[in-house]
Amino acid sequence: KCGWERSKSSESPNDIMVTDIVAKLLAEKHGGRVSDCSAPVGCPYKASDAITVAEGEMTTLGDGVFASMDEAVNAAELAQRQYQFCSMQARQQFIDGIREVTLVQDNLERISRMGAEQTGMGNYEHKLIKNRIAAEKTPGIEDLTTEAQSGDNGLTLVEYSAFGVIGAITPTTNPTETIICNSIGMLAAGNAVVFSPHPRATEVSLLMIKLINRKLATLGAPANLVVTVQTPSIDNTNAMMAHPKVRMLVATGGPGIVKTVMSTGKKAIGAGAGNPPVVVDETADIEKAAQDIVNGASFDNNLPCIAEKEIIAVDQIADYLISCMKKCGAYLVSDPAVITKLEKLVINTKGTPETSCVGKSAVYLLDKVGITVDDSVKIILIDLPKDHPFVQEELMMPILPLVRVQTVDEAIDLAVEVEHGNRHTAIMHSTNVRKLTKMAKLIQTTIFVKNGPSYAGIGVGGEGYTTFTIAGPTGEGLTSPKSFARRRKCVMVEALNVR
Ligand code: NAD
C-alpha cells in the first residue's frame with residue numbers, strides 16, 4: 001500500500017468517504033483512471049517485467065494520452081491531489097521506475113532511433129547517450145533539502161513543496177531527453193506534469209509518455225501523473241498555457257516560446273536558446289582542445305543548445321589548431337564559392353537557419369554542396385570574420401566558424417558579444433587561470449566548461465548532475481527538482497527546540 005492509501009487510515013470515516021467519492025466522480029467526469037493503489041509499491045524490478053508499447057498503440061488514447069488538453073489537465077490535477085498523500089518512499093520508487101523503464105535496452109534504443117528518424121535531426125548513437133544520461137543523472141528527491149531554524153520561540157522548517165500541475169513545453173532537438181528529465185524532476189518535487197511536445201516529435205514523445213505511465217501503473221502510482229494530448233499543436237500548447245489548473249509553465253525551446261510563457265502571468269521557467277562560443281588561447285593544450293572541440297561540436301550533429309557553435313582563436317595558434325582539428329575529423333572549407341553555396345543551403349530568406357538542415361551531419365551538408373566525404377568527417381570548419389551569419393546565428397548543425405583575434409582579452413570580449421547575452425553556455429581552452437576566471441566573470445553563462453568538450457557541462461564526462469532544461473533567462477540555471485517546487489514555511493511555536 002502506498003502512502004496515498006495509508007494516509008486515509010488517519011482520517012475520519014467521513015473524510016475517507018468524501019475523498020473516495022470526489023475521486024470517483026472526477027475520474028468519471030474526465031474519463032481518467034484512478035489508481036486503487038493496490039499494486040505493490042516498489043516491487044523489485046525484473047527484466048521480464050519490461051514495459052513496452054506496441055507499434056499500433058503509440059498514438060492511441062490511454063496511458064496518459066488524452067483527446068483534448070482540458071481532459072489531460074483535469075486528469076493530471078486529480079492525479080496530483082492523490083499524489084500529495086503518497087509517501088516520500090513511494091515518490092522515490094516512482095522516480096526509480098521512470099529511470100528503469102528508460103534504461104531497458106530495447107526502450108532506450110527505440111526512443112533514440114525514433115527520435116533521430118522522426119525529427120530528421122541528430123544521430124542515433126548520441127541520442128542513446130543523451131537519453132541514458134537523462135535517466136541516470138537527473139536528480140531525484142534527494143535534491144529537496146529541508147532547512148530548520150530552532151530557538152527559544154520553537155522550531156521552523158522551510159521545505160520544498162509541489163506547485164501542483166506543471167505545463168512543460170519540450171523541444172524537437174531533445175524530445176525524449178526533456179520528457180525523461182522533466183518527469184523525474186517535476187514528480188520528485190511532488191507535481192504532476194502535462195507535456196506539450198513539439199509537433200514534429202509527436203510519436204516518439206507519446207511513446208515515452210506511455211512507457212512512463214505503464215511503468216508507474218505497475219508501481220501503484222496515481223494514474224495520469226504524466227500526461228499529454230494525442231495531437232500536439234500550437235493551439236494545444238496555448239490551451240495548456242491558459243488553463244487555470246496549470247500552476248507553472250516550463251518552456252524548453254527557442255526565444256519565441258520562452259517569451260510567450262514569461263508573458264502569461266503564471267510562474268514560468270524559460271530555458272532558451274544559446275550560441276556557445278569556444279575560446280582557445282595561446283596557453284592551451286592545442287591538440288586536446290582540437291579533439292574536444294570536434295567531439296563537442298559534432299555531438300548529436302551540433303543540436304544541443306550547449307554545443308560549441310563558433311571558435312574564437314588567438315591568431316598565434318589558429319593555424320596549428322586548424323591543422324590539429326583536421327586530424328580529428330574537421331573538413332576545412334576555404335573556397336569562397338563553396339562557402340557561398342553553404343550559406344544559400346543553410347540560411348533561409350529570413351536570415352535564420354533552414355529547418356531542413358538543422359541537426360544534419362557534416363557528410364550530408366557537404367554532399368548538398370557537391371563535396372563527397374566519408375564518415376570520418378564530423379564537422380565543417382570555416383575561417384570567417386565575426387559578422388558572418390555562421391558566427392552570429394545559432395545554426396545547430398556541424399558547421400563551425402573560426403574567428404581570429406590578436407589577444408586572449410579580445411577573444412573574451414568577442415565571445416561575450418556573439419553569445420548575445422543568452423547567458424547559456426561558453427567553453428574556454430586555456431591554462432591561464434586568470435584569463436579563465438576573467439571569461440567566467442564577463443560572460444555570465446549558466447554553464448562554463450574549461451578545457452573539455454561542451455557536453456561535460458551536462459555531466460557527460462564531467463562531474464555533476466544533468467539537466468536538459470537550462471534556464472538562463474529566468475535564472476534557475478541547471479534546473480533540478482528544487483526548481484519545480486515552492487519554498488514553504490512551517491512554524492511550531494514554543495516547542496520542539498531541544499537545545
Ligand atoms: P522551438 O522554439 O521551435 O520549439 C520549442 C517548443 O515550443 C516546441 O514544443 C514548439 O512546439 C513550441 N512552440 C514554439 N513556438 C510556439 C508558439 N508560438 N506557440 C506555442 N508553442 C510554440 O525550438 P526547437 O527547434 O524545438 O528547439 C531548439 C531551440 O531550443 C534552440 O534555440 C535551442 O537552443 C533551444 N533549447 C534550449 C534548451 C535549454 O535548456 N536552454 C534545451 C534544448 C533546446
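Analyst: Buried means under 20% relative accessible area, exposed means over 50%, and partly exposed is in between, using a 1.4 Å probe and protein chains only. You're looking at a predicted model, where local features need pLDDT of at least 70, side-chain atom pairs count only at pLDDT 80 or more, and totals for chains, interfaces and linings use all residues. Residues are numbered from 1 along each chain as its sequence is written, and side-chain values use heavy atoms, with hydrogens and water left out.

User: Is N153 buried or exposed?

Analyst: N153 sits in the loop between β2 (147–151) and β3 (154–162). Helices (H or I, at least four residues) and strands (E, at least two) are DSSP runs, numbered from the N terminus. N153 has 65% relative accessibility, so it counts as exposed.

User: Which residues does N153 contact, leaving aside its neighbours within four places in sequence?

Analyst: Contact means heavy atoms within 4.5 Å. With those sequence neighbours set aside, the partners of N153 are M492, V493 and E494.

User: How far apart in space are N153 and H243, C-alpha to C-alpha?

Analyst: Along the sequence, N153 and H243 are 90 residues apart. In space, C-alpha to C-alpha, the gap between them is 42 Å.

User: What about the end of the chain: how far is the C-alpha of R499 from that of G151?

Analyst: R499 is in the segment after β18 (485–493), and its relative accessible area of 77% makes it exposed. Beyond its neighbours within four places in sequence, R499 touches S150 and G151. R499 and G151 are 348 residues apart along the chain, yet their C-alpha atoms are separated by 7.8 Å.

User: Is V65 buried or exposed?

Analyst: V65 lies in strand β1 (residues 65–66). Leaving aside neighbours within four places in sequence, V65 is in contact with T60, L206, K210, T228, V229 and Q230. The relative accessibility of V65 is 2%, so V65 counts as buried.

User: What distance does α3 reach from its first C-alpha to its last?

Analyst: The expected span of a helix is 1.5 Å times one less than its number of residues. For α3 that expectation is 21 Å, and the helix comes close to it, with a reach of 21 Å.

User: Where is Q105, and how far is Q105 from E117 in space?

Analyst: Q105 is placed in helix α5 (residues 105–119). With 38% relative accessibility, Q105 counts as partly exposed. Q105 and E117 are 12 residues apart in sequence, and C-alpha to C-alpha they are separated by 18 Å.

User: What is the phi of H420?

Analyst: Most residues other than glycine have a negative phi. H420 is in the loop between α16 (408–418) and β14 (425–429), and at 41% relative accessibility it counts as partly exposed. H420 is not a glycine, but its phi is positive, about 60°.

User: And what is the phi of R423?

Analyst: R423 is also found in the loop between α16 and β14. Its relative accessible area of 44% makes R423 partly exposed. Its phi is positive in a residue other than glycine, near 55°.

User: Zooming out, what radius of gyration does the protein chain have?

Analyst: The chain comes to 17 helices and 18 strands, and its C-alpha atoms fill a box of roughly 80 × 60 × 45 Å along the principal axes. The radius of gyration is taken over C-alpha atoms, and the globule rule is 2.2 Å times the number of residues to the power 0.38. With 499 residues, a compact globule would be near 23 Å, which agrees with the chain's 24 Å.

User: What share of the contacts with a separation of 6 or more comes from residues 24 or more positions apart?

Analyst: Of the 499 residues, 57% count as buried. For those contacts, the share from residues 24 or more positions apart is 76%.

User: How far apart are the centres of the positive and negative side chains?

Analyst: Lys and Arg count as positive and Asp and Glu as negative, while His and the chain ends are not counted. Each charge is placed at NZ of Lys, CZ of Arg, CG of Asp or CD of Glu. There are 49 positive and 56 negative side chains, and the centres of the two sets are separated by 4 Å.
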